[in-house]
Amino acid sequence: VYVQTAVIKMYSELGLVDEARQVFDKMTERDLVAWNSMVVGYASNGHMGAAIELFSSMPVKDVLSYNIILSGFADGKRIESARRVFDEMPDRDVISWNSMILACTNAGDMAGACELFEKAPERNIITWNTMITGYVQNELYAEAINLFDRMKTENVEADYLTVTASLSACAHLRSLETGTQIDEYARNRGLLSKPHVVTALIDMYAKCGGIKNSLEVFYKFRHKDIFCWNAIVSGLALHGHGDSALKLFDEMQENCLKPD
RNA sequence: GUUCUAGUCU
């Protein structure tokens with residue numbers, strides 16, 4: 001059963017939902033994990049109709065089963081459907097709250113997200129990150145920074161995604177000062193080993209008029225991937241250094257061995 | 001063995 005469940009997961013991750021279903025149908029014993037995995041297969045590939053159908057026929061459901069469906073609706077920006085699941089589920093954990101918040105931010109409803117955030121009985125780093133990235137995605141950059149500041153006053157440790165989103169907000173605001181502070185914050189926590197953070201830093205400095213800092217961050221970083229390269233190339237182009245940008249672009253072709 | 005946030009440019 002463990003092996004078959006792992007195979008269902010593998011097929012699902014490759015988008016091979018029908019293959020996954022064949023394995024599921026052939027199982028002689030299906031426990032809750034197997035059912036949940038198959039629902040994930042449908043939900044994470046956007047097949048919410050099939051996901052709901054299978055979900056409805058489950059002999060037993062747990063919080064995960066509901067969370068999977070909720071998350072599927074959140075990804076599909078179906079806020080009304082998500083809300084219905086959220087309201088009807090017998091128990092909610094922090095993941096349920098996070099998914100419901102995500103459903104709001106994905107649908108552009110930051111007011112709704114904010115209300116849930118305040119009401120949540122428990123928050124983890126993902127709750128905070130979902131809100132901050134939600135603000136950034138909805139172009140409410142100052143709100144994103146405010147929430148990052150609030151994390152600090154509430155002594156919640158930011159992680160690399162918090163910093164990434166906050167730097168992106170600074171880049172959009174052209175706020176070099178705040179961006180530099182976040183740079184320092186990230187350095188102190190060793191977050192500059194993360195390509196996400198490095199990319200966001202390069203981009204922030206480039207957009208805030210500190211292309212030299214961008215280059216410094218870029219050259220010091222050992223594990224450059226395609227995103228870092230793109231950030232530095234477009235940063236240089238933005239500053240009218242089309243020549244250097246093109247030079248680096250050529251270098252990129254030679255050095256980029258492990259794209260994502 | 002199963003569920004939540006994911007960086008650049010577009």
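Is Tyr185 buried or exposed, and at what relative accessibility? In this predicted model, Tyr185 counts as buried at 9% relative accessibility, where buried means under 20% relative accessible area, exposed means over 50%, and partly exposed covers what lies in between (1.4 Å probe, protein chains only). Residues are numbered from 1 along each chain as its sequence is written, while chains are lettered from A and ligands numbered from 1 in the order in which they are written. Because the model is predicted, local features need pLDDT of at least 70 and side-chain atom pairs count only at pLDDT 80 or more, whereas totals for chains, interfaces and linings use all residues, and side-chain values use heavy atoms, with hydrogens and water left out.

Chain A contains 16 helices and 0 strands, these being DSSP runs numbered from the N terminus, with helices (H or I) of at least four residues and strands (E) of at least two. Along the principal axes, the C-alpha atoms of chain A fill a box of roughly 60 × 45 × 30 Å, and 44% of the 260 residues of chain A count as buried. Ala142, which is found in helix α10, is partly exposed, with a relative accessible area of 42%. Between Ala142 and Glu157 the separation is 15 residues in sequence and 20 Å in space, C-alpha to C-alpha.

The surroundings of the RNA were examined next. RNA strand B is surrounded by 38 residues, the closest of which are Thr5, Asn98, Pro195, Lys207 and Phe227, a residue being near a molecule or strand if one of its heavy atoms lies within 4 Å of it. Of the atoms of RNA strand B that come within 4 Å of the protein, sugar and phosphate account for 38%. At least two residues of this surface come from each of α1 (2-13), α3 (32-43), α5 (63-75), α7 (94-106), α9 (125-137), α11 (160-173), α13 (195-207) and α15 (226-238), and α13 gives the most, with 6 residues. The surface near RNA strand B divides by class into 16 nonpolar, 16 polar and 6 charged residues, where Ala, Val, Leu, Ile, Met, Phe, Trp, Tyr, Cys and Pro count as nonpolar, Asp, Glu, Lys and Arg as charged, and the others, Gly among them, as polar.

Individual side chains also approach RNA strand B. An N or O atom in the side chain of Asn36 is 2.9 Å from a base oxygen of RNA strand B, and for the side chain of Asn129 the corresponding distance to a base oxygen is 3.0 Å.

The largest pocket holds about 430 Å³ of space, a volume being the space filled by probe spheres set on the grid points, which are joined across faces, edges and corners. Its lining comprises 19 residues, of which Leu161, Thr164, Ala165, His196 and Ala200 lie nearest the centre of the pocket. Two or more residues of this lining come from each of α9, α11 and α13, with α9 giving the most, 6 residues. By class, the lining of the largest pocket has 7 nonpolar, 8 polar and 4 charged residues.

The second largest pocket has a volume of about 150 Å³, and its lining includes Ile52, Phe55, Tyr66 and Arg84. The elements contributing two or more residues there are α4 (48-56), α5 and α6 (79-88), and α6 gives the most, with 4 residues. This lining has 6 nonpolar, 1 polar and 2 charged residues.

A search of the whole structure finds 7 aromatic pairs, in which rings of Phe, Tyr and Trp (its six-membered ring) have centres within 6.5 Å, and planes under 30 degrees apart count as stacked, over 60 as edge-to-face and the rest as tilted. The rings of Phe148 and Tyr185 have centres 5.4 Å apart and planes at 75°, so the pair is edge-to-face. Since Phe148 lies in helix α10 (residues 141-153) and Tyr185 in helix α12 (residues 176-188), the pair ties together parts that are 37 residues apart in sequence. Phe148 is buried, with a relative accessible area of 1%. Phe218 and Tyr219 form an edge-to-face pair, 5.3 Å centre to centre with 75° between the planes, and ring pairs link Phe218, Tyr219 and Trp229 into a cluster.

Conventions: A polar contact is a pair of N or O atoms within 3.5 Å; within protein, one must be able to donate a hydrogen and the other to accept it, and residues adjacent in sequence count only if both atoms are side-chain atoms. On a 1 Å grid over the protein atoms alone, a cavity is a set of points where a 1.4 Å probe fits but cannot get out, and a pocket is an open set with protein on both sides within 12 Å along at least five of seven lines; lining residues have an atom within 4 Å of a point.
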